[in-house]
Structure formats: C-alpha cells, structure tokens
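This briefing is written to be read beside the sequence and the coordinates. Please keep both in view while working through the points below.

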Amino acid sequence: MNPKGILLVVSGPSGAGKGTLCQALLEKFDDLQCSVSMTTRKPRPGEIDGESYHFVDKEEFLQRIDNGEFLEWARVYDNYYGTTWEQVRNIIDKGKNIILEIDMQGAMQVKKVFDSGVFIFVIPPSRDVLEERIINRGTEDAGAAKKRLGNLNNELAYINNYNYLIINDSLDKAVKELESIYIAEKCRPHRSIKYWKG
Ligand code: 5GP
C-alpha cells in the first residue's frame, strides 16, 4: 500500500530522544501530523488522554486486536501499544504527512503494509548516555529502567532494517538531520513533480 503523502516511522531505544525530535519536526512543519497511539500503559504525570496516547485497559486493547483495528501493535515492556487504522486514515484523509513514533516490532509490521514508508532509527551516542538519560528522566522505577536498558542489544539489531540512522548526541544536530531527511523525502520526484507549474 502506498499513501499519497509521506509516512515517517521513528523508532529507537527508550531514552534516545525520539519524542523530543518528533516534537521539533512537528513544530516546524504544519503539513505533518503525529499519530496518537493506543496503549494499556498507565498515564505518566502530565500525560493527557487523547493527546499523549489513547489510554485503554488490556481487555479493550485485546478486543480491538480481535476486531482488526490496528495497522500495527506490539507488546513493549509488559504493556500493549498500537496504531489504529482510524488514526492513520484521519491524518491521510486530511492530506497531511504522518509520523509514527513506535517500537521496532511495530515498525516492521508497518513496513510490510507501507513499503514506501521512511524508516528512521534514533540512538543515543553511547550506552552510558542512554543509562544516564533513563535514570535522570525518572519516569520509570528502577526495575522498569533496568528492563529498558537490558533490551538495548535486541533493539540495535533492527538498525539495518531502517533507511536512516540518527545518532542523537547534540539535539540541534539531530533535529537538523531529521528535518533534512523530511525535506529530502519531499523532494523525491514522484512527490515534488506536482508543484511544477509547467
Ligand atoms: P513509552 O512507554 O516510553 O511511552 O513507550 C515505550 C515504547 O513504546 C517506545 O519505544 C515507543 O516508541 C513505543 N510505542 C509507542 N507507541 C507505539 C505504538 O503505537 N506501537 C508500537 N509498536 N510501539 C509504540
């Protein structure tokens, strides 16, 4: 399947800075919209239902899987996360480009459906920095933080399935790289030809 617009997928280990990067891109380009995922994870302080995520219980999530409502879903760190077709359609129907911030298992499912998607992997400059970020972020208890760090090698194994790799050592540089990828993708002939006045 090939949507008319661009479908960006951003993945990377927890603490790599994906959220901040995606936010920066969304602030800069109003032709781009982020899909709001559904999750069974409990909201963190400050997270708003319908904006950060659609928060649902496990029973509802499993029912929606059975109903075939998800473009992709995955179980990540004991919680379910997924992108509903409804979310994707709403954005595509508005003629906007779409960005999904999802884990690697989900990204591989999206790749099977949208082979023209642009897959971007974000990593921190080192394991030590990742550890520091997860601990300083303080959103996970020690057990959950350890689990996230322990999963790093499995996650890194996915890198070669992606089109781009951003090493997020300086936020400014990483944002610039993400913007450059987005702009370059817009300039692909099949997308930019429609702007030619003839
Ligand atoms: P967090 O709990 O920190 O918000 O997210 C944990 C992980 O779940 C992150 O790697 C995030 O990218 C991923 N995630 C968030 N939403 C989705 C989704 O809709 N689908 C999948 N597969 N992963 C998601």
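Leaving aside neighbours within four places in sequence, Tyr 164 is in contact with Val 118, Phe 119, Ile 120, Phe 121, Ile 181, Glu 185 and Arg 188, where contact means heavy atoms within 4.5 Å. The model is a predicted one, in which local features need pLDDT of at least 70 and side-chain atom pairs count only at pLDDT 80 or more, while totals for chains, interfaces and linings use all residues. Residues are numbered from 1 along each chain as its sequence is written, and side-chain values use heavy atoms, with hydrogens and water left out.

**Tyr 164**

- Tyr 164 is found in strand β9, strands being DSSP runs of E with at least two residues and helices DSSP runs of H or I with at least four, numbered from the N terminus.
- With a relative accessible area of 26%, Tyr 164 is partly exposed, a class that falls between buried (under 20% relative accessible area) and exposed (over 50%), computed with a 1.4 Å probe on protein chains only.
- The side chains of Tyr 164 and Glu 185 make a polar contact at 3.0 Å; a polar contact is a pair of N or O atoms within 3.5 Å, and within protein one must be able to donate a hydrogen and the other to accept it, with residues adjacent in sequence counting only if both atoms are side-chain atoms.
- Although Tyr 164 and Val 118 are 46 residues apart in sequence, their C-alpha atoms are 8.2 Å apart in space.

**The five-stranded sheet**

- An open sheet of 5 strands, with parallel pairing, has the order β2-β7-β1-β8-β9, and two strands pair if DSSP finds at least two bridges between them.
- Strands β2 (32-34) and β9 (164-167) stand at the edges with a single partner strand each, so one side of each is left without a neighbour in the sheet.
- Neighbouring strands of this sheet are turned by 25° against each other on average, direction ignored.
- Strands β1 and β7 (residues 97-101) pair in the parallel sense over 4 bridges, and the bridge partner of Leu 7 in β7 is Ile 98.
- Helix α1 (residues 18-28) lies across β1, β2, β7 and β8 (118-123) and runs at about 165° to β7; such angles run from 0 to 180 degrees between N-to-C directions, with axes fitted to C-alpha atoms, for helices over the stretch in contact.
- Helix α4 (residues 104-113) lies across β1, β7 and β8, at about 155° to β1.

**Ser 11**

- Ser 11 belongs to strand β1 (residues 7-11) and, at 0% relative accessibility, counts as buried.
- A polar atom of the Ser 11 side chain lies 2.8 Å from the backbone oxygen of Ile 102, and the side chain of Ser 11 also makes a polar contact with that of Tyr 162 (2.7 Å).

**The four-stranded sheet**

- A sheet of 4 strands, open and with mixed pairing, has the order β4-β3-β6-β5.
- Strands β4 (54-55) and β5 (70-76) stand at its edges, each with a single partner strand, so one side of each is left without a neighbour in the sheet.
- Strand β3 (residues 38-39) pairs with strand β6 (residues 79-84) in the antiparallel sense over 2 bridges, and Met 38 has Gly 82 as its bridge partner in β6.

- A polar side-chain atom of Arg 41 lies 2.6 Å from an oxygen atom of the ligand, whereas for the side chain of Glu 72 an N or O atom is 2.8 Å from a ligand nitrogen atom.
- The protein covers 94% of the 520 Å² of accessible area that the ligand has on its own, by the Shrake-Rupley method with a 1.4 Å probe.
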